[in-house]
Amino acid sequence: MHKYIEQDNWTNVKKLPFNKKNSSTGYPVLSPDGKKLYFVSDRLPSKGNTDIFVVDILGEGDYSQPRNLGSLVNTKGNETTPFITEDNI
């Protein structure tokens with residue numbers, strides 16, 4: 001896993017390839033194992049105004065396509081601030 005914070009400063013900052021001009025993306029959360037990135041977006045397909053999505057981190061600058069976490073997580077409302085436990089729940 002790449003080191004993204006050094007001495008309280010962000011490093012290796014790059015634009016994520018799955019961001020879209022016509023949709024909002026925010027509240028990123030990296031899984032404890034560094035293999036998944038969860039975020040909130042109003043992109044389609046969506047259950048509500050904003051939903052929680054996930055991408056797999058495949059390698060240096062490579063990511064899977066964003067996946068909506070579905071109706072077990074998302075509602076017709078506005079989802080925000082995803083949280084991942086130490087055991088990736």
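The side chain of Ser46 reaches the backbone oxygen of Gly48 at 2.7 Å, which puts the two in polar contact (a pair of N or O atoms within 3.5 Å; within protein, one must be able to donate a hydrogen and the other to accept it, and residues adjacent in sequence count only if both atoms are side-chain atoms). Ser46 also has a polar contact of 3.2 Å with the side chain of Asp51. This is a predicted model, where local features need pLDDT of at least 70 and side-chain atom pairs count only at pLDDT 80 or more, while totals for chains, interfaces and linings use all residues. Residues are numbered from 1 along each chain as its sequence is written, and side-chain values use heavy atoms, with hydrogens and water left out.

As for its setting, Ser46 sits in the loop between E4 and E5 (strands, E, are DSSP runs of at least two residues, helices, H or I, of at least four, and both are numbered from the N terminus). With a relative accessible area of 25%, Ser46 is partly exposed; buried means under 20%, exposed over 50%, and partly exposed in between, using a 1.4 Å probe and protein chains only. Leaving aside residues up to four places away in sequence, Ser46 touches Asp51 and Asn68, where contact means heavy atoms within 4.5 Å. The C-alpha atoms of Ser46 and Asn74 are 8.5 Å apart, although 28 residues separate the two along the chain.

On to the charges. The whole structure holds two salt bridges, each one a side-chain nitrogen of Lys or Arg within 4 Å of a carboxyl oxygen of Asp or Glu. In one, Lys36 pairs with Asp56, with the closest N and O atoms 2.6 Å apart. Lys36 belongs to strand E4 (residues 36-41) and Asp56 to strand E5 (residues 51-59), so this bridge ties together parts 20 residues apart in sequence. Arg67 meets Asp56 as well, at 3.0 Å from N to O. Because Arg67 is in strand E7 (residues 67-68) and Asp56 in strand E5, this pair ties together parts eleven residues apart in sequence. Shared partners make one network out of Lys36, Asp56 and Arg67. Lys36 is partly exposed at 29% relative accessible area, and Arg67 is partly exposed at 34%.

What about the nonpolar side? In soluble globular proteins, nonpolar side chains tend to be buried together. Here the largest nonpolar core has five residues: Phe18, Leu37, Phe39, Phe53 and Val55. Such a core is a set of buried Ala, Val, Leu, Ile, Met, Phe, Trp, Tyr and Cys residues joined through side-chain atoms within 4.5 Å.

Rings come next, with three aromatic pairs in the count. Rings of Phe, Tyr and Trp (its six-membered ring) pair if their centres lie within 6.5 Å; planes under 30 degrees apart count as stacked, over 60 as edge-to-face and the rest as tilted. Phe18 and Tyr63 are edge-to-face, at 5.6 Å centre to centre and 75° between the planes. Phe18 is buried at 9% relative accessibility, whereas Tyr63 is partly exposed at 24%. Phe39 and Phe53 are stacked, at 5.8 Å and 15°. Phe39 lies in strand E4 and Phe53 in strand E5, so the pair ties together parts 14 residues apart in sequence. Ring pairs link Phe18, Phe39, Phe53 and Tyr63 into a cluster.
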